[in-house]
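Subject: Handover of a structure and notes on it

Dear colleague,

Please find below the structure that I am passing on to you. My notes follow it, and I would be grateful if you would read them with the model open.

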Amino acid sequence: MAPQTRGMSFPKVLIERDSNSEESSSEEEEEDDDVQNDVAEESDDEHVEEKDEASTSTRIRREPITISLKKVCKVCKKPGHEAGFRGATYIDCPMKPCFLCKMPGHTTMTCPHRVATEYGVAPAPHKSTHSSLEYVFERQLRCRVSAIKPAFLIPNKVNCAVIRYHSRRITCLEFHPTRNNILISGDKKGQLGVWDYGKVHERTVYGNIHGCILNNMKFNPTNDGTVYGASSDGTISSTDLETGISLSLLNLNPNGWQGLERVSESVGGAKVTMGPSSWRMLYGLDMNSDKGILLAADNFGLLYMVDMRSNNVTGKPILIHKKGSKVTGLHCHPLQPELLLSCGNDHFARIWDMRRLEAGSSIYDLSHKRVVNSAYFSPQSGSKILTTSQDNRLRVWDSIFGNLDSPSREIVHSHDFNRHLTPFRAEWDPKDASECLVVVGRYISENYDGIALHPVDFIDVSKGQLVAEVMDPNITTISPVNKLHPRDDVLASGSSRSIFIWRPQENFELKRPRDENRIVLCGKGEKQRKGKFEDDSGDDFDNGTYGSKSLKTKKPFLKSKAYGSKRKC
């Protein structure tokens, strides 16, 4: 649901006590006094000395309690001020530095990084090789990267969409490896969706795959009709997209949630009570196609390996990040699958050699200031590394064989959120031969003709420049999940429970039949929505103090020429 604008003053609540109720005990009177001191204005009557218990109990029974709610900042938790969105403007907490660049001395709206993304970004180095290793890299890997940077073709117009496709917010997207018009999606509830966006209305949602968040998906390289999924229920699934039949390859919580409450015996013989803190969740997922091994990592820093041929777990779990920390992502090198890149909430991205994979044996540790949401090798040569961190920084390393002590560039970008959202992840454009273009959703909203919108940004990471920001006046939710097609000029965006397909405007308007319905509206509440792309799931917006009154001024969805007509399913 879109944020609502509240008044700056809070109402006072009067609670009448029952006149026939019994007298309160001394402990209840003390609790009442504490509540009145914390959240109510003190009255002079409360400081009058009590003469007898009878008069005190009578006064408590008959006198109403006045409660005045105080303004409390959601950032620093202190009263007297507020921080958050007011329409398209983000109000900073006066006790904290700029929310965008994390530096003091200015606010988010006056931050120089907000005006120019390349502000303070060091240019790409141009130097000759000085070692044999760099020489081999330039001859064998760099030659795969085009020396001439082609013109970027940006998908900037919504071609089709499914509104309220999933029951909860979308968490991951993947394009089919061979069928260009097939897109699969996962959501917070563990559902798996299959959508043919070429035919628009052909879609399927399998709701019996996982019990909770589906965090990552990968296609089987030998069978493109099968997709693997890693979920917060602690399982790895193998699902047939035609039938929806799923096979569990790994289950880290075999006894379920109720099994955590049982008392088990440890190795030393002492009884240990298992609690919810021992629940294991799987986040990162990738595969080593050469060895036929599926890799998954959990919220305790452990890496698990599953043989895709036998569907059995191989070896023991390996600690690849700090014990008890979440491994948020895994990525195998596109040309040398033996190289593995991992990232986690221990503020590190780590490079591993799978031929000698053991705890503490990482080749290099890339330090960050906060949680690392994602880390990817560049898609064609694998020579670069791109990471997304919660400190509002995109970091780029131009060569995995060069100096990795510090990144080649740090690009300030707004993706540090304080709401219930899927983490933002900057991803490479797999079609870009120059390995410079990345796509990432934006958290801080901008005011476009009186409408608060959250664009999807295309950034040239070789310069730090914003190439394009795509948006639509009918999409008022945030789009943290974005995936570029590996072969077509198509962008898929997951915004709350809806999916949008973007194409270059000059291309699809010439090919699309005029009478074809390109919008599918799922779920209930079509009349209540009045044509707006807003969501009531409660995942993408908090019901905070600030909202956007300007949303009422945007054009109704039914009259939008960019989409055509819509159809309710």
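Strands β32 and β33 form a hairpin, with four residues between them. In the turn, G464 has a positive phi of about 85°. The two strands, residues 456–460 and 465–470, run antiparallel and are joined by five bridges. Within this pairing, F458 has A468 of β33 as its bridge partner. Strand β32 also contains D460, which is buried because its relative accessible area is 4%, under the 20% cut-off. The side chain of D460 makes a polar contact of 2.6 Å with the side chain of S462.

Please bear in mind that this is a predicted model. The protein has 569 residues, and buried residues make up 50% of them. Its secondary structure comes to six helices and 38 strands. Among contacts between residues at least 6 apart in sequence, 56% join residues at least 24 apart. The accessible surface comes to about 27700 Å², and carbon and sulfur atoms account for 50% of that area.

I turn next to the aromatic residues. Eight aromatic pairs are found in a search of the whole structure. One of them is formed by F85 and Y443, whose ring centres are 5.4 Å apart; their planes stand at 70°, so the pair is edge-to-face. This pair links distant parts of the chain, as F85 lies in strand β3 and Y443 in the loop between β29 (437–441) and β30 (446–448), 358 residues apart. F85 and Y443 are both buried. A further pair, F417 and F424, has ring centres 6.0 Å apart and planes at 55°, and is therefore tilted. Both of these phenylalanines, F417 and F424, are buried as well.

Ring pairs also link F85 and Y443 with Y90 and F99 into a cluster. K102 lies over the face of F99, at 4.3 Å from the ring centre. Elsewhere, the charged end of R280 sits over the ring of F300, 4.3 Å from its centre.

The C-alpha atom of K70 is separated by 7.8 Å from that of G80, ten residues apart along the chain.

Yours sincerely,

A colleague

Definitions and conventions: Residues numbered from 1 in each chain as written. Predicted model: local features only at pLDDT ≥ 70, side-chain atom pairs only at ≥ 80, totals over all residues. Heavy atoms only, no water. Pairing = 2+ DSSP bridges. Buried < 20%, exposed > 50% of the residue type's maximum accessible area, 1.4 Å probe, protein only. Polar contact = N/O pair within 3.5 Å; in protein donor to acceptor, adjacent residues only side chain to side chain. Contact = heavy atoms within 4.5 Å. Areas by Shrake-Rupley, 256 points an atom, 1.4 Å probe, with all protein chains shown as cover. Phe/Tyr/Trp six-rings, centres within 6.5 Å; stacked < 30°, edge-to-face > 60°. Lys NZ or Arg CZ within 6 Å of the ring centre and 35° of its normal.
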